[in-house]
Amino acid sequence: VLLLAIGAALGVREVMLIGDSGPHPTLGVLALWGAFFMLLSGSLLARGKGKNRRLKSIHMLLGIATLFCLISAPVYLLLTR
């Protein structure tokens, strides 16, 4: 999560400098939020407070969505540059 936060901060700086408004910055921010909420839900699951099936499903879906964002952002850059 820390590396994603650093990447997001550097990405925001680049977007402000060059004005890129494509899907790459959006996917990066979505990946950052997904990783943050995965951290929260994972800590609840680790403490045993989230034994219900819904929290496990949310945690899994957040992982899949975050992984999709993390893969899609660089692929977009490779295909458009």
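The questions and answers below concern a predicted model, beginning with the fold and ending with the aromatic residues.

In this predicted model, local features need pLDDT of at least 70 and side-chain atom pairs count only at pLDDT 80 or more, while totals for chains, interfaces and linings use all residues. Residues are numbered from 1 along each chain as its sequence is written, and side-chain values use heavy atoms, with hydrogens and water left out.

Q: Which pattern does the chain follow when read along the sequence?
A: Helices (H or I, at least four residues) and strands (E, at least two) are taken as DSSP runs, numbered from the N terminus. On that basis the secondary structure comes to 3 helices and 0 strands. Read along the sequence, the pattern is α-α-α.

Q: How many Å does helix α3 reach from its first C-alpha to its last?
A: Helix α3 covers residues 53-80 and has 28 residues. The expected span of a helix is 1.5 Å times one less than its number of residues. For α3 this expectation is 40 Å, and the helix comes close to it, reaching 40 Å.

Q: Against which element do the buried residues of α3 pack?
A: Buried means under 20% relative accessible area, exposed over 50%, and partly exposed in between (1.4 Å probe, protein chains only). In α3 the buried residues are Leu55, Thr66, Cys69, Ser72 and Ala73. These buried residues pack against α2 (23-47).

Q: Is Thr66 buried or exposed?
A: Thr66 lies in helix α3, and, leaving aside its neighbours within four places in sequence, Thr66 is in contact (heavy atoms within 4.5 Å) with Ala31, Gly34, Ala35 and Met38. A polar atom of its side chain also lies 2.7 Å from the backbone oxygen of Leu62. Because its relative accessibility is 6%, Thr66 counts as buried.

Q: What is the angle between the planes of Trp33 and Phe36?
A: Rings of Phe, Tyr and Trp (its six-membered ring) pair if their centres lie within 6.5 Å, and planes under 30 degrees apart count as stacked, over 60 as edge-to-face and the rest as tilted. The structure holds 3 aromatic pairs. One of them, Trp33 with Phe36, is edge-to-face, at 6.0 Å centre to centre and with an angle of 85°.

Q: Why are Trp33 and Phe36 separated by about one helical turn?
A: An α-helix has 3.6 residues a turn, so residues three or four places apart point the same way. Trp33 and Phe36 are separated by about one helical turn because, in helix α2, they are 3 residues apart.

Technical notes. Polar contact = N/O pair within 3.5 Å; in protein donor to acceptor, adjacent residues only side chain to side chain.
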